[in-house]
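Subject: Structure handover

Hello,

Here is the structure I promised to pass on. Please open it next to this note and follow along.

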Amino acid sequence: MEGTSIGKIAKLIKTYHNFIITSHVNLDGDALGSELALYFILKQLQKKAKIVNQDQVPYIYQFLPGVDEIICSDKLDKNFKLEIERDTVLVVLDSSNLERIGNIPLEIEKIRIIVNIDHHPSNTNFGHVNYIDVNSSSVGEIIFQLSKELNCELTEQLVIPMFTAIVTDTGSFRYANTTAETFHTAFLLTKSGANPHLITNYIYNNNELSALKLLGEALLKLQIDKNSRFAWSVVTREMMGRTCAREEETEGIVDKILSIRKVQVSVLFKETKEGTTKISFRSKGEFNVDLFSRIFGGGGHPNAAGCQLEGDINTIVKKVLTELKKALNNGNYR
Ligand SMILES: [Mn+2]
């Protein structure tokens, strides 16, 4: 279906009473921040709302107000299903397609209204109602617009998750998606009680030793092409085991690799528990890793994207780097 306006989303929220909120697997700050902010908006409006995700809340986000109320598939009985009323609205946040939400205890085919709110250019408009703003830094920023539209009071329950969504999805206001509007929103959130120092300490200065050990291991394996245009590393199951790192602790490694002078694209190859390889791309400047990763069935944002491939990790590394070299040589994906 065609896209809609923020005003129409606000109207829909006023009309309905039962909401289920979800987001993508591998929860990040924008997924959780936008979910919780919307949850407290709905509570303020006296609506019934639940948040349900496939994955558990990563440690660094456990400071967020309301995380204890989130339902997690991982912790539920296999046969459990959330109750759906005739008028239940499912709101999907920050997910470019419906598969990205993973396994949640919900008979989706029974839901009559799916609202899709996102900022990924690759969004497939899978909802009955779609609001995709590719110019928004984060879904958190969209939810902020929505809270204004609904005349909500900017309580701490709203502003802390919103600020978290924005600060994480902009790489602490460094990525190309950071605009004057982003700072304006951050300014208003800070004025209303979001404390940037406290919030960013929870997110960025809250690592386990294992996370840094793993980063060290990954940096030992770091390689760079002969023209220094791209650099890459790998994280194997063996490295995960040796450092006792948690799955979420590979976050940030690919960003560290991008910090090398002259490097335009960084890549991290990670062996997953399921035996596939997860690949993360970051770029600075014009190379569009969203478009590039679509070759392999992935997607994301122009400067941050990913995909997942089956097979032997060494073969995958070769295959992806060959394509990347070709793309950079030909000046494609700009
Ligand atoms: Mn996002």
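How many bridges join strand 5 to strand 6, and in which sense do the two strands run? Four bridges join them, and the strands run parallel. Within this pair, V115 has V129 of strand 6 as its bridge partner.

Some ground rules before the rest. This is a predicted model: local features need pLDDT of at least 70, side-chain atom pairs count only at pLDDT 80 or more, and totals for chains, interfaces and linings use all residues. Residues are numbered from 1 along each chain as its sequence is written. Helices (H or I, at least four residues) and strands (E, at least two) are DSSP runs, numbered from the N terminus. Two strands pair if DSSP finds at least two bridges between them.

Domains

The domain assignment gives domain 1 as 6-204 and domain 2 as 209-330. Such bounds come from an automatic or database domain assignment. The C-alpha centres of the two domains lie 27 Å apart. Nine residues from domain 1 and nine residues from domain 2 make the contact. Here, contact means that the C-beta atoms of two residues, placed from the backbone, lie within 7 Å. On the domain 1 side, the touching residues are four nonpolar, five polar and no charged. For these classes, Ala, Val, Leu, Ile, Met, Phe, Trp, Tyr, Cys and Pro count as nonpolar, Asp, Glu, Lys and Arg as charged, and the others, Gly among them, as polar.

Strand 1 (residues 18-22) runs parallel to strand 2 (residues 48-53), with four bridges between them. F19 faces A49 of strand 2. Strand 4 (residues 89-93) pairs with strand 5 (residues 113-118) over five bridges, again in the parallel sense. There, L93 has I117 of strand 5 as its bridge partner.

Axes are lines fitted to C-alpha atoms, for helices over the stretch in contact, and angles run from 0 to 180 degrees between N-to-C directions. Strand 8 (residues 230-235) and strand 9 (residues 265-271) run parallel and are joined by six bridges. A231 stands opposite S266 of strand 9.

Helix packing

Start with helix 2 (residues 29-44) and helix 3 (residues 139-149). Their axes come within 8 Å and cross at roughly 15°. Helix 2 and helix 3 are therefore roughly parallel to each other. The cut-offs are: under 35 degrees for roughly parallel, over 145 for roughly antiparallel, 65 to 115 for roughly perpendicular, and oblique for the rest. The crossing is left-handed, meaning that the near helix is turned anticlockwise from the far one by less than a right angle; clockwise would be right-handed. Helix 2 brings D30, G33, S34, A37, L38 and I41 to the contact, and helix 3 brings V139, G140, I143, L146 and S147. By class, that contact has six nonpolar, four polar and one charged residues.

Helix 2 also packs with helix 4 (residues 156-169), at an angle of about 160° and with the axes 8 Å apart. Helix 2 and helix 4 are therefore roughly antiparallel to each other. Their crossing is left-handed. Among the contact residues are G29, L36 and F40 of helix 2 and P161, M162 and A165 of helix 4. The classes here are eight nonpolar, six polar and two charged.

Last, helix 4 and helix 6 (residues 196-204). Their axes come within 10 Å and cross at roughly 65°. This crossing is right-handed. Helix 4 contributes I160, F163, T164, V167 and T168, while helix 6 contributes P196, I199, T200 and I203. This contact has six nonpolar, three polar and no charged residues.

Best wishes
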